[in-house]
Amino acid sequence: WGLMLVLSVAIYGSHAPLLTLCKVDGMIPFSSTSVVVLVELTKLVFSLLFLQKKKLLGVAVSWRHVAPFALSALLYAANNNLVVHMQLFMDPSTYQVLSNLKIVSTALLYSFFLRQRLGMRKWLALFLLVAAGVSYSCGGLQDPGSPSKMQLHITLVGLVLILVYCLISGLSAVYTEAILKTQAFPLSLQNLFLYFFGVLLNLIGYFWSRAEGSFLEGFSSWVLVIVVSQALNGLIMSVVMKHSSNITRLFVISCSILVNALLSVTLFNLQLTLLFFIAVSCIGLAIHLYYGV
């Protein structure tokens with residue numbers, strides 16, 4: 001468990017720096033839809049390999065067991081596309097700040113649908129995670145050559161879309177956790193169902209919004225690192241949701257800012273600010289309150 005969680009923290013934290021390394025003249029040279037398709041396909045292949053090691057004699061599977069994963073994959077696909085389109089109505093900094101609301105939406109849906117009672121101490125811990133994310137997004141890292149004051153901009157449409165995004169993000173995570181836990185099938189078989197629909201739906205999305213250029217145009221070795229790492233992280237998160245909870249996933253994502261900050265300082269010569277240390281303090285206090293560590 002410790003190794004998996006540390007690895008997941010590292011992958012979450014390295015995602016943004018890896019995307020920056022992929023940029024050419026300040027632009028992402030590849031299709032984000034292509035990357036999502038390859039990530040889902042990689043997870044599907046790994047699930048097939050893991051499934052070959054399982055003995056599934058006597059396991060009866062019907063469409064009623066498989067169909068729920070189609071909705072889960074649809075929710076994830078909708079959110080992946082929403083991330084891209086809603087940033088037309090806000091600047092990246094605003095997105096980073098407001099996307100922290102998905103911590104609240106996930107916790108509320110987790111408590112309501114999975115009937116998990118969270119006491120005041122645990123709710124305080126989760127709101128500290130939100131505070132940590134907002135603090136870090138508002139200027140935990142600073143480029144010495146840029147102005148320190150951050151300007152936020154969002155339209156009314158952007159505000160609606162970010163709220164929908166946070167709602168779908170929490171719903172997709174909690175719904176998937178519910179399916180994984182209520183079915184008695186091996187996780188590798190459940191992942192097979194989920195990622196099959198993931199590949200199918202994202203392929204449809206790719207051909208629906210296909211732009212000029214080939215499927216692999218703009219790919220580099222860094223993009224392949226992103227594909228493999230994101231696929232591995234998806235498999236780890238399925239283990240977390242099957243045997244732990246989405247709350248653990250939220251703590252993993254919050255802790256990833258430590259890795260993000262370390263890589264950003266090392267690779268891009270950014271500087272840590274007071275807000276970074278406030279964010280780290282909030283995360284440490286949140287872990288103490290929630291887990292008693």
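This is a predicted model: local features need pLDDT of at least 70, side-chain atom pairs count only at pLDDT 80 or more; totals for chains, interfaces and linings use all residues.
I take the bend at a residue as the angle between axes fitted to the seven residues ending there and the seven starting there. I number residues from 1 along each chain as its sequence is written, and side-chain values use heavy atoms, with hydrogens and water left out.

Entry: helix α1. I took helices as DSSP runs of H or I, at least four residues, numbered from the N terminus. I found a kink of about 40° at H15 in α1, shortly before the proline P17.

Entry: aromatic pairs. I paired rings of Phe, Tyr and Trp (its six-membered ring) with centres within 6.5 Å; planes under 30 degrees apart are stacked, over 60 edge-to-face and the rest tilted. I counted 14 aromatic pairs by this rule. The F69 and F193 rings are a tilted pair, because their centres are 5.7 Å apart and their planes at 55°. F69 lies in α3 and F193 in α8, so this pair ties together parts 124 residues apart in sequence. I noted F69 as buried at 0% relative accessibility, and F193 as buried at 11%. I also found Y136, F276 and F277 linked into a cluster by ring pairs.

Technical notes
Helices (H or I, at least four residues) and strands (E, at least two) are DSSP runs, numbered from the N terminus. Buried means under 20% relative accessible area, exposed over 50%, partly exposed in between (1.4 Å probe, protein chains only).
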